[in-house]
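This report describes the strand arrangement of a protein chain for readers who wish to follow it in the model. The sequence and structure are shown first.

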Amino acid sequence: MSFAILLIPIGTSFGATQTELGDDIFVFVQTTVRNSDGTLLVYLESTKFTDLNMSALESFLNFEASRGNDPVITIDGEKFQVIRRVQSQEFDSDGLVASTILSDVVDGKPTVLARFAHDGYTVESGDTLESMWTFVRPVA
């Protein structure tokens, strides 16, 4: 299983899917970009995604949940599993535009599980990006 950060040109348009608590899978991502001194440059968060591949995402989460102690919480009498993972990237080039992507290898091919579509942000060498992905799914 792997996380990936995709660097793409700006200007592409996508439809988006909003996730909400109570869906089969609720997805929330928080992304920060810091310069080489650690100063916060960008903070973005979303529950709206493009390219949301629910079947591949469910498989990814099943694997991730099997690796550790992801908590089960109760909200309004219903049980939910919370899976939280962090991806980090340090950039070694200038002028790239970053996009927040969660991907995995499915049947030997890189597969986008979810993409947080935003206008992007230009990064410089030494900048770091960190995305915290939070998934909440009902427990049967």
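The following paragraphs treat the chain as a whole and then its sheet.

The model is predicted. The protein chain holds one helix and 10 strands, and along the sequence these elements follow the pattern β-β-β-β-β-α-β-β-β-β-β. Of its 140 residues, 38% count as buried. The accessible surface of the protein chain amounts to about 7,800 Å², and carbon and sulfur atoms contribute 47% of that area. Among contacts in the protein chain with a separation of 6 or more, 71% are between residues 24 or more positions apart.

Five strands form an open sheet in the order 4-3-10-7-6, with antiparallel pairing. Strand 4 (40–46) and strand 6 (72–75) lie at the edges and have a single partner strand each, so one side of each is left without a neighbour in the sheet. From one strand to the next, the twist averages 20 degrees.

| Strand pair | Sense | Bridges |
|---|---|---|
| Strand 3 (residues 26–34) and strand 4 | antiparallel | six bridges |
| Strand 6 and strand 7 (residues 78–90) | antiparallel | four bridges |

Individual residues illustrate these pairings. Thr32 stands opposite Tyr43 in strand 4. The hairpin of strand 3 and strand 4 has five residues between the strands, and Gly38 in this hairpin adopts a positive phi near 90 degrees. At the other edge of the sheet, formed by strand 6, Ile75 has Glu78 in strand 7 as its bridge partner. In a regular strand, side chains alternate between the two faces of the sheet.

Conventions
Residues numbered from 1 in each chain as written. Predicted model: local features only at pLDDT ≥ 70, side-chain atom pairs only at ≥ 80, totals over all residues. Heavy atoms only, no water. Pairing = 2+ DSSP bridges. Helix = DSSP H or I, 4+ residues; strand = E, 2+ residues; numbered from the N terminus. Axes fitted to C-alpha atoms, helices over the stretch in contact; angles between N-to-C directions. Buried < 20%, exposed > 50% of the residue type's maximum accessible area, 1.4 Å probe, protein only. Contact = heavy atoms within 4.5 Å. Areas by Shrake-Rupley, 256 points an atom, 1.4 Å probe, with all protein chains shown as cover.
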